Amino acid sequence: MAAEWLSSVMMGANKWWNGLYSRTIDVGDGLRFPYLEGGSSREIVLLIHGYGDSKETWIEYSSFLVKNGYRVLAPDLLGHGENDGHADADYGTAAQAHRLIKFLDRTVGKRYEDESSDPISVHVAGNSMGGWISLQLALHYPERVRSLTLICSAGVDGDQKSELDIAMERGEQPMSVESREDVDRMLNFALVNPPYIPWFYKDFIVQTRRRLATPLAKVLESLLTEKVDCPLVGQLKQISAPTLVLWGAEDRLVHVSSADVLEKNIPCAQKVVLEGVGHCPQVEAAEKAALAQTTFLQSLAAQNETS
């Protein structure tokens, strides 16, 4: 209890300092989304976290977007963070994308009331599994996606295996968490320069992973099955949204060669690789990563003004 309370106080202060607010919304069918929100612009950025992560991964990154005039929405996906899993839920990436459309319908609406009947579209950014879900949004709901920012995205393999791929082939699980020591090991594997984390927050991470063990196992099973049965690479040319492929050069979970595949196959894609950064640029290089996305979005706005 002490770890949970101290973590809540620490994260609450961090959200407040960065101009974010915690909210929860019911989207129907017994589903609810806890989420972070900041800013009030009509330029909306949907931020989608990765496997085993939570909305809190976006706190510092979001603050830079808000300061640059964007409204941010960062939900906890089903079975992650404060969003408990459902026993009969579909945890595939397409199903997760569909649930996020329901989330957008409730938070920003389906259509603008004072303009045409065009649906409200948002800028989408996703890290790791969140990038995979972002790709599904762009493929299945293109009218709702103004742009894509894929941050060390899962779902598409490059021409080289990652260190995580090799470790899993040996039967190792470097991202599993059952103790404080595991948290340190996981962070050192995923990040080049892990931030300092106090003992109570490490305990909170362990407790959360234990609480969500069943849904997280189902998510992982769905991802591994999809990777074999439903590869995305053949569908990438169908993506019409302008896309920024943003990667950490030292990513040990998804090899940086995957960025080349995405850039090559998505018609309107450009690539930025951050040196000395691992799998979560939004955490270990928040300002640089957010600057890359805001520069990308500003260039799109400028193009629209001149067209």
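There are 6 aromatic pairs in this structure, and keep in mind that the model is a predicted one.

**The Y35–F103 pair**
- The ring centres of Y35 and F103 sit 5.1 Å apart with their planes at 80°, and since anything over 60 degrees counts as edge-to-face, that's what this pair is.
- Y35 belongs to strand β2 (residues 31–38) and F103 to helix α3 (residues 93–107), so the pair ties together parts that are 68 residues apart in sequence.
- Both partners come in under the 20% cut-off for buried: Y35 is buried at a relative accessible area of 7%, and F103 is buried at 0%.

**A charge over a ring**
- Over at Y91, R99 lies over the face of the ring, 6.0 Å from its centre.

**Helix α7**
- Which residues of α7 are buried? They are F200, Y201, K202, D203, I205, V206, T208 and R209.
- Those buried residues pack against three helices: α1 (2–17), α6 (180–190) and α8 (213–229).

Notes
Residues numbered from 1 in each chain as written. Predicted model: local features only at pLDDT ≥ 70, side-chain atom pairs only at ≥ 80, totals over all residues. Heavy atoms only, no water. Phe/Tyr/Trp six-rings, centres within 6.5 Å; stacked < 30°, edge-to-face > 60°. Helix = DSSP H or I, 4+ residues; strand = E, 2+ residues; numbered from the N terminus. Buried < 20%, exposed > 50% of the residue type's maximum accessible area, 1.4 Å probe, protein only. Lys NZ or Arg CZ within 6 Å of the ring centre and 35° of its normal. Contact = heavy atoms within 4.5 Å.
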